[in-house]
Amino acid sequence: MTAVPHPSAPQPERQVEPRIGARAVCEGLVREGVTTIFGYPGGTVLPIYDVLREFPLRHILVRHEQGGAHAADGFSRATGGVGVAIATSGPGAINLVTGLATAMMDSVPMVAITGNVPRALLGKDAFQETDIVGIALPVTKFATVVMDPDEVPFAVAEAFEIARSGRPGPVLLDFPKDVLQEETRVPHPEPYELRLPGLLRPVRGDVPEADELTEMIAAAERPLILSGHGVQIADATDLLSQVAERSEIPVAHTLLGIGNIDETHRLSAGYAGMHGWMHVNKMIQQCDLLIGIGCRYDDRITGKTSTFAPNAKIVHVDVDRSEIGKNVRTDLGIVADAGDLLAALLRRLPQSEPRTEWMAQLASWREVSEARSWHGSGAWREGRLSADYVVDQIGEATDHQATLVSDVGQNQMWAARYFGFRKPFHHLSSGGLGTMGYAVPAAMGAALGAPERETWAVVGDGGFQMTMQELATLVQDQIPVRIAVLNNHRLGMIRQWQEIIYDENYHSAELLGPDLVRLCEAYGIPAWRATRPDEVAGVIAEARKAPGPALIDFHLDEAQNVYPMMLPGKGLSDMVEGAAE
Amino acid sequence: MAARQTRPAGEADAIHRRHVVSALVVDRPGTLNRVSGLLRARSFNIESLTVGTTHEPGHSRMTIAIRGDDGHLRQVLAQLERLIEVLDVTDLTGRPHLELELVLVELTPPRGTADKRELEGVLASAGGEILTRDASVWRARLTAAPDAINRALEALRSHGLRRLVRAGAVAMAADSSSDIENGATPE
Ligand SMILES: Cc1ncc(C[n+]2csc(CCOP(=O)(O)OP(=O)(O)O)c2C)c(N)n1
Ligand SMILES: [Mg+2]
């Protein structure tokens, strides 16, 4: 295939003062509203570092490029903006990949900038050369090498547009070093000048299919909304509550749908899925109309698809057409922005009577399922430190207003179940990829993006050890992240699977960790340890007073499991419950 | 845009068959990689994939022949459509379209007139023509729809077929209202 002349080929009347590609990159970032970037220098990106001081861009020097990518992701998720990460060629670029894949799976807008070897050396196995675009293709929404300084202004503007439009995702721009060093006179494009014919943009405005959905709602006796991340991406959480109130339909949420509705709202059903609340899963199995909005019906929600929501007509609303019908049978699929669909429903739905019977059913199931969980069981009153109590106490202490970034494993499920979320953009987690090591760096980005909120990372001892080098970044930049390590001295979720599924054949589930309090001392981070329930509230209060980062090492009961649990290959009606305490 | 009664991928009653897909794409390095990578990630085996420029500068058209379940494929095509490099994707299967393939073959020359006449008949059945002939080898071209090509190649096995090069299918929608060359998405 031959190369197309880039649309940015300079038109004489629109030339600007020449500046090098590196400056054009930074100008582009500033024009996109970027204030903070997470990066790590190296030979091929030094032209950018050489001019960085000239721009109002705060550069956070991370300790590993994976941390930079997660921080950019956390910045995006907490703010609804587009986070930026920078890495050098070769190893630096490759270290971004886990973070790109994490963002891709969770539809997080992000722009990654990498340097590469000069154009003349591309493809010659030059020092630190890697085909990062080739590597990144399947884990990005878009990735490209910018081969001409004249392309830089368009490339940067288009990258941001691609990252945030429609279904968002990460974009990678790879710049050969000499492209950053050579001059261009091409100006930055205006939004209307962008040439992105292949970019799918949702049709905005009224959604005619809402007619049919309105009729389905009118005919339903036991409707349920299952709300996902798409509701927050569309910034439509208020509309969601309004639709729920108008139609008197309870609202369940997925892991990334946490915050779609205040958990204390009378119509909030709760967290659904593999480790979701039993009462919510029962509702999914019993409802006669399931309205999925901005969710993927992924396997952590559905379990065995053939037994999923057997009594329901299934509606699937998503901005991405390729999601509809991908995983579950769909009676009505609607391709639309979640906010547009909800607004369209509000225009059509009459005020419904309370669904007394259905809500009473929910209440009685809820009573049973809450009593069966550790939370309801009161195990913590018997002197054992249980994770749910710790998470609950963080929620209480912060009045449920903190940004909570969870890692992956049991800690993630405890955070999802017990914090008590009230607002959107306050819960961040790697839902789709399940990336251990996400929490601390992502919390770093979240704290910088939303400094008005207190930021907590809830992380297992395993995941903490994957990216704990970012402690130094937290200190150097005095980023006030409070880290709650839920320390069970185990890869807890692995231990749980081996206990329940592999006949207690434990292998590699036990892991040694450092003395976290002394580790923090070495970094100059105030730290506490708690081993008993009566210590929990006190250490949380102390940690909240720290001006910069702080850490609490919560020594948990080592055998605590997350219940209920849907076993692999099983369905939502077939969950393992913990022994009632 | 309502999608009705879609079935999840992999359901038992899904129809597994050959599909011919036409995709209008942006002509730049990486596009082919991105398209084939997506199909690979979903474990589709590509029967053939051709790419060529179009009458519009900067656009290429791909014809992809592929086997798969209807529902599964429909979902993958929606994923293809989502790629920034892809402007339009149309599954031509089940709608009027033209499909042709070019094949070059190398043959041991026929021995005797009867053999030669039969060979010419086979070639004619697939839009064929002999391009070069000398004492030791003949080379010919076939241009026809895949079925005719397959039948002719099968017949050529008993007529000294020694080597062949297939170009892969090229296809074009042939509805009266076809407007896909301009990137419009027929629904
Ligand atoms: C990078 C990565 N490697 C492996 C896994 C598989 N995995 C999922 S949960 C888990 C255990 C996590 O242990 P820990 O971080 O201590 O959290 P806990 O479950 O004990 O709360 C592992 C190994 C993963 N999700 N991510
Ligand atoms: Mg652990």
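Modeller: Two strands pair if DSSP finds at least two bridges between them, while helices (H or I, at least four residues) and strands (E, at least two) are DSSP runs numbered from the N terminus. This is a predicted model, in which local features need pLDDT of at least 70 and side-chain atom pairs count only at pLDDT 80 or more, whereas totals for chains, interfaces and linings use all residues. Residues are numbered from 1 along each chain as its sequence is written, chains are lettered from A and ligands numbered from 1 in the order in which they are written, and side-chain values use heavy atoms, with hydrogens and water left out.

Biologist: Over how many bridges do β3(B) and β4(B) pair?
Modeller: In chain B, four strands form an open antiparallel sheet in the order β3-β4-β2-β5, and its edge strands, each pairing on one side only, are β3 (46-53) and β5 (86-91). Ile46(B) stands opposite Ile66(B) in β4(B). Between β3(B) and strand β4 (residues 59-69) of chain B, the antiparallel pairing extends over seven bridges.

Biologist: Which strands of chain B does helix α2 of chain B touch?
Modeller: Axes are lines fitted to C-alpha atoms, for helices over the stretch in contact, with angles from 0 to 180 degrees between N-to-C directions, and contact means heavy atoms within 4.5 Å. Helix α1 (residues 31-41) of chain B lies across β2 (16-26), β3, β4 and β5 of chain B and runs at about 10° to β4(B). Helix α2 (residues 70-82) of chain B also packs on the sheet, with its direction at about 165° to that of β5(B), and the strands of chain B that α2 touches are β2, β4 and β5.

Biologist: Which residues coordinate the magnesium ion (ligand 2)?
Modeller: Donors are N, O and S atoms within 2.8 Å of the metal (3.2 Å for Na, K and Ca), and water is not among the atoms, so sites may look incomplete. The donors follow the spacing D-x26-N-x1-R along the chain. At 2.1 Å, the coordinating residues are Asp461(A) (OD), Asn488(A) (OD1) and Arg490(A) (O).

Biologist: Is Asp461(A) buried or exposed?
Modeller: Buried means under 20% relative accessible area, exposed over 50%, and partly exposed in between (1.4 Å probe, protein chains only). Asn488(A), with a relative accessible area of 5%, is buried. Because its relative accessibility is 5%, Asp461(A) counts as buried.
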